[in-house]
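Please examine the sequence and the structure shown below.

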Amino acid sequence: MQPRTPLVLCVLLSQVLLLTSAEDLDCTPGFQQKVFHINQPAEFIEDQSILNLTFSDCKGNDKLRYEVSSPYFKVNSDGSLVALRNVTAVGRTLFVHARTPHAEDMAELVIVGGKDVQGSLQDIFKFARTSPVPRQKRSIVVSPILIPENQRQPFPRDVGKVVDSDRPERSKFRLTGKGVDQEPKGIFRINENTGSVSVTRTLDREVIAIYQLFVETTDANGKTLEGPVPLEVIVIDQNDNRPIFREGPYIGHVMEGSPTGTTVMRMTAFDADDPATDNALLRYNIRQQTPDKPSPNMFYIDPEKGDIVTVVSPALLDRETLENPKYELIIEAQDMAGLDVGLTGTATATIMIDDKNDHSPKFTKKEFQATVEEGAVGVIVNLTVEDKDDPTTGAWRAAYTIINGNPGQSFEIHTNPQTNEGMLSVVKPLDYEISAFHTLLIKVENEDPLVPDVSYGPSSTATVHITVLDVNEGPVFYPDPMMVTRQENISVGSVLLTVNATDPDSLQHQTIRYSVYKDPAGWLNINPINGTVDTTAVLDRESPFVHNSVYTALFLAIDSGNPPATGTGTLLITLEDVNDNAPFIYPTVAEVCDDAKNLSVVILGASDKDLHPNTDPFKFEIHKQTAPDKVWKISKINNTHALVSLLQNLNKANYNLPIMVTDSGKPPMTNITDLRVQVCSCRNSKVDCNAAGALHFSLPSLLLLSLLSILSIACL
């Protein structure tokens, strides 16, 4: 034998190539021929042999199993590849996987002239499918391991073997990576002596599709002798996932009358299987349509894209003639390109036939009648229309317009949002005596514009005849309010005015009687026949019933109708002022210290209920001050105020000082008011007015009191 290399590792997996020279091994496990070429036939015939495959594991092929990448083919126990059914297109390549407990390999069948159906499995297997190559001098050689997902018991099972023909004695194999000593731990393990790689449980490609492992050899102490060498474990996909519609609910809309072939919506499903295989190659179809009128095939779905389109003529897609404008389609997605062996998933598509404004509203009658009492307002008639369009859209909702007969804008029309009726209202009271009849021309349109080939016809206009009913209206005062101006204090019985009220019911020839309705001060009287208003008391401008010199009274005018009607009129009397109120002073009490250095006592003000010029300027005087009592002085400050002061200090006492104030009226009016002045003791910042004792009167006052006392005794 020729000298061996220091260390050679070979991983026997899906394509197990024992890369040895002829002098190393007499048998090479695997397919004797790995690549086949055949021409694409018109059709693969069921059970007809396509070619023969030869596989050997060099140990008798015990428990040999074959798997084909297409579900439409199988390999018989004698190695013949046959079709399970008549089939035409299967793609450009088929792969055959052979496996025993001791070895496994992959063969490739190239179909010349075949068309791609889905991505090639070669992208998944990632290893060359060519005939064996001569062994090269290298330390470690590895190939990917291929393991189908969803394998059943028993476990563990061998899936490959690491061979090292130059491994030193007592050296060991060691396997590391995710799936071995990293999470998920314990999926793979290696026999440290023989190099057999085994899997301990079922794999799921949809969880982990590829495991990246590393193999190395170590000495008895665990020291690495060779490696680590990457070892890739590829999980082969099985069709174990149904298509799923994940984006529902699926609701589409299409306008009525749309052309054939109008796209409504797109529905796509998801398949968790390998997208590079037919396991995830989906095809779509419509399983059921509800309702099935007017055609059981109203729609079509593109089997590859999932686009749903209309297939009936625009005339059949008429919302107003359909039994139901809502269709429900059961959509099925099937993998394996839609073949019978594929798994399926379903979802419901709801398609709404949307309305367009292809029907104009029409009045149910050409003429409508209404009656209304004169003077009344509100809805007088509801105009009804018919419209075949969708009641939830602007194509059905009506908009009404009065186009003739409403010059005074006495009428308005609005749409009832629930019934779509036109509510015609009187907004300005009508007068029977002016016009007993009204005729309106009204048109109706939709909120949305009509489609181009539809227009509003004669049925979209209607006439409304309105009859005004006569009612007994109350008399009307003219003018209202009535206004007069008089001086206050005019003599009782003075005539103020004669009121005038007319009856609007000019055709009824009724009489009118008058009465007082509101007279707050009780000053007025009215003649019930002719309406003459005169006074029953003195008019006083300063009365609390007068506001801003104006007195307000209300009168009634009552007609002779049955029942009688009443009208109300307002009288405003402006009262001119006369000087009938004397002025008065304020304040009427004052205090001053007996030792005050400032002899000013108080500033007096004057007021008058009358108006200018019967008020200020006021004249202030001390009334009847005798020579011995001339200790007081009053000085004018302005037109309305004066200063009272002392000429000398006074003893502590109370003094009454008569103050006379006169206004500027013609003739003037005078008022005398006593000003009470308290002279107090002011010591150490304390004011004491309690010791003032009896009032101190001026000499004339004392004489007057004495005289009154004498007269009282005489009377007794």
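## Disulfides

Cys 680 and Cys 689 form a disulfide (a pair of cysteine sulfur atoms within 2.5 Å), with their sulfur atoms 1.8 Å apart. The torsion about the S-S bond of Cys 680 and Cys 689 is about 100 degrees, so this disulfide is right-handed. Both Cys 680 and Cys 689 are buried; buried means under 20% relative accessible area, exposed over 50%, and partly exposed in between, for a 1.4 Å probe and protein chains only.

The structure holds two disulfides. In the pair Cys 593 and Cys 682, the sulfur atoms lie 1.9 Å apart. This pair links distant parts of the chain, 89 residues apart: Cys 593 belongs to strand β44 (residues 589-593) and Cys 682 to strand β50 (residues 670-683). Strands (E, at least two residues) are DSSP runs, numbered from the N terminus. With a torsion of about -85 degrees about the S-S bond, the disulfide of Cys 593 and Cys 682 is left-handed. Cys 593 is partly exposed, at 26% relative accessible area, whereas Cys 682 counts as buried at 14%.

## Basis of the model

This is a predicted model, in which local features need pLDDT of at least 70 and side-chain atom pairs count only at pLDDT 80 or more, while totals for chains, interfaces and linings use all residues. Residues are numbered from 1 along each chain as its sequence is written, and side-chain values use heavy atoms, leaving out hydrogens and water.

## Salt bridges

The count comes to 18 salt bridges, each a side-chain nitrogen of Lys or Arg within 4 Å of a carboxyl oxygen of Asp or Glu. One of them joins Lys 34 to Asp 105, with the closest N and O atoms 1.9 Å apart. Lys 34 lies in the loop between β2 (30-31) and β3, and Asp 105 in strand β10, so the pair ties together parts that are 71 residues apart in sequence. Lys 34 and Asp 105 are both buried.

Another salt bridge is formed by Glu 304 and Arg 283, at 3.7 Å from N to O. Glu 304 is exposed, with a relative accessible area of 55%, and Arg 283 is partly exposed at 22%.

## Strands β3 and β10

Strand β3 runs parallel to strand β10 (residues 104-112), and five bridges join them; two strands pair if DSSP finds at least two bridges between them. Leu 109 in β10 is the bridge partner of Phe 36.

Conventions
Helix = DSSP H or I, 4+ residues; strand = E, 2+ residues; numbered from the N terminus.
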